[in-house]
Amino acid sequence: MDIDLISNILYAMVRTGTPLLLIALGELVCEKSGVLNLGQEGMVLMGAVAGFVAALLSGSLILGFLLAIAAGIAMSLLFGFIALGLNANQVATGLALTIFGTGLSAFIGADFVGKPITGLEPFALPLLSEIPLLGKMLFSQDMIVYLSFFLFAAVYWFFRSSRPGLIVKAVGENPHAANAIGLPVMRTRYLAVMFGGAMAGLAGGYLSIAYTPLWAENMSAGRGWIALALVVFASWKVERVLLGAWLFGLASILHLVFQGLGFSISSNLLATLPYVATILVLVVLSRNQVRARLLAPMSLGKPFHASS
Amino acid sequence: MAEAHITPPRLTLRRITKIYPGCVANDSIDLNIEPAEIHALLGENGAGKSTLMKVIYGLVKPDQGEVLWDGMPVEIKDPAQARKLGIGMVFQHFSLFETLTVTENIALALGDDAGDLPSLAKRIREVSEKYGMALNPDREIHTLSVGERQRVEIVRCLVQPIKLLILDEPTSVLTPQEVETLFVTLRQLAKEGCAILFISHKLDEVRALCHNATILRAGKVSGECKPADESSQSIARMMVGDDTPISTDYPKVLREEPFLQVSGLNRVSDDPFGTDLHNISFSVNAGEILGIAGVAGNGQEELLGALSGEDQVENHDAIHFPHGAVGHLSPRERRAAGMAFVPEERLGRGAVPDMSLKDNALLTGFLTGLVNRGMIAHGKTREFAEKIIDRYKVKTPGTEAHAESLSGGNLQKFIIGREIMQNPKLLIAAHPTWGVDIGAATAIHKALIELRDKGAAILVVSEDIDELFQISDRIGAICHGRISPIKPTPDTTINEVGRWMAGDFDEVEIKA
């Protein structure tokens, strides 16, 4: 394998991993606050269609991304209202959100299927992109990929050394204790859910405006689910989310690589790799009960009633 | 009138009333706490102590009544506001975050006053040293013992300016030595002008520590007193009312027909921090209560696991019922043979927290005809649960209430009632009255004695040596996974059993 090929594989890996990274970072924050939102797929699709339509009609990519984010937040607020405000079962609500988002996005986007836009162009940073091997991967990408680097660093810092990050962790671990010492449990959870929605919306926008600049029904192709698995795979650790997103990204382009090298392996089989990896990680994690208990947010998925 | 005071009381409650569906938790309660006063709030489980305390801390909004803070009327809307006023609270079930460090936990509670973590850690060290409560700020909570966790809760209140400290049953989780240390800290705090509201039902402790006491019964103030001037008996009378017997001496009996025989039981613990059992031999006779004393962690869990059938033992003969060896049988098979079991943990083992009392009744009661050809007989199950509630005076809105909504003592009455109502031939009970108030404990003891007199063999494993002397016909102790000699209760003394608990016995004696 020559160095150009490897460099190209790495480039594609990061590009493919970016939507996963964005969705998973959002879901991570959401789950850290104790809320399990299975509606990622629906939020991504709504972000994708809103972003695409806005970009197509206005001609402004930035407006497209903003609308994608807004659509994600709107969807997450719907989830928040039902799962937090009305204390409905989070799993059921999340699944409903995915089904709803899939249908609604197809309906909104029906007239826009196959219409072309000029997508977001990569922007190679001078000098840095010349670095052998890693230059193309890290510094010849588009703005959203750079933004994903920044968001990763921000979330990492948020949980590592900020007070709000500490509050999110506390609320996700023991909302009753958090309430008892006067932390705003509901507000924290709403904000975390909204952040998850914004990130999923942005990822959707990335798919329809930058990655494959077009709209197609169900174009997220299960990325929302992979990102959910990714959070578990990363055992709720931010740095592992980055690693996992790129690894899963690599897994989903592997069939192309293998084709290029003359092997033929079913792409469907390769697409199962992220899930197999997640199951393996779950098995390894759950071997030590105490550690497993400490890793996942302890109140994940449990509704919180303030009065008790 | 508050204006008449030169310094108004730190806290005054006037006619506080809180009504929940199905019960009046607080009925027009008045309370006064002065600065530098240690005030006891006494009452049985369900008397309304917790609700009142939550009202003060802003967790529960009263339906009626007013709260005066330093003579000024205030409305305490949430805990954050309570803390701003200078009210700190130490919860019975700690409100700590297990995966976070001591410093992070305290930083969360302090809000913006926390400052940066390193300087806060320093403050924590200073405060904990000043009040004689050693703490390492960098440890994660899940690595701390129960006593240390309580220190974190207390220090969390003390790093802020504090004017009123509320402690909810703080001693129920502590060893006698730890209790002493805690009292030294509390007295020092009071001397500095902090008012302390001490919630408990341990009367000796209240008499040793508190200046004044307010006693609640069924949501109302049933008495006020200076605990030091009263006897434990007279205070207990105010707590439980006139018609509940407080304690009785039960006649001891001697029986000779063994039901449960344990011989040469050896077991390596599954838990790396557990205790292995070594050559345990004893028998429990039909119609008697055998008490096993011991400090927690000396093999009780392993012994109970082996006896209940949760863990099967390799040597089937080591555990014997009259009809044969049972060491290899599952809990269900042993229950079918007449055994009943009350585990130590109420929520999670004795009862499923988010299942109704009716469903919990079914969980062990299904062998007594509550299941008909694989289908649950709902009517009978409800009747069974109702009978338990009625017979053992479990305070609950009804059979559909979730197990977790009951207080510890009430749930324990329910669990013990559930087992006894099945008329077992052998009852194994672990810590039957742990954390249970006098009224409930007396009721549980009476139920056990009644069952004994019906001819059942009863094994009680407990850390409460007074309790064992009160109800056991024969008594022994467990230490480091070995069992002490077992003597008829009248032939031994608390001192001797205390020595056994510390491991001071010769194993050869057992054979005798």
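Reply: The account below describes the sheet, its strands and the helices packed on it.

This is a predicted model, in which local features need pLDDT of at least 70, side-chain atom pairs count only at pLDDT 80 or more, and totals for chains, interfaces and linings use all residues. Residues are numbered from 1 along each chain as its sequence is written, while chains are lettered from A and ligands numbered from 1 in the order in which they are written.

The open sheet in chain B has 6 strands, in the order S6-S7-S8-S3-S9-S10, and its pairing is mixed. Strands (E, at least two residues) and helices (H or I, at least four) are DSSP runs numbered from the N terminus, and two strands pair if DSSP finds at least two bridges between them. Strand S6 (87-90) and strand S10 (220-225) of chain B stand at the edges; each has a single partner strand, so one side of each lacks a neighbour in the sheet. From one strand to the next, the twist averages 20°.

Within the sheet, strand S7 (residues 164-168) and strand S8 (residues 195-200) of chain B run parallel and are joined by 5 bridges. Leu165(B) has Ile196(B) in S8(B) as its bridge partner.

Helix H5 (residues 146-158) of chain B packs on the sheet, touching S6 and S7 of chain B, and its direction makes about 180° with that of S6(B). Contact requires C-beta atoms, placed from the backbone, to lie within 7 Å. Axes are lines fitted to C-alpha atoms, for helices over the stretch in contact, with angles from 0 to 180 degrees between N-to-C directions. Helix H8 (residues 232-240) of chain B also packs on the sheet, where it touches strand S3 (38-43), strand S9 (212-217) and S10 of chain B. The direction of H8 makes about 35° with that of S9(B).

Technical notes. Contact = placed C-beta atoms within 7 Å.
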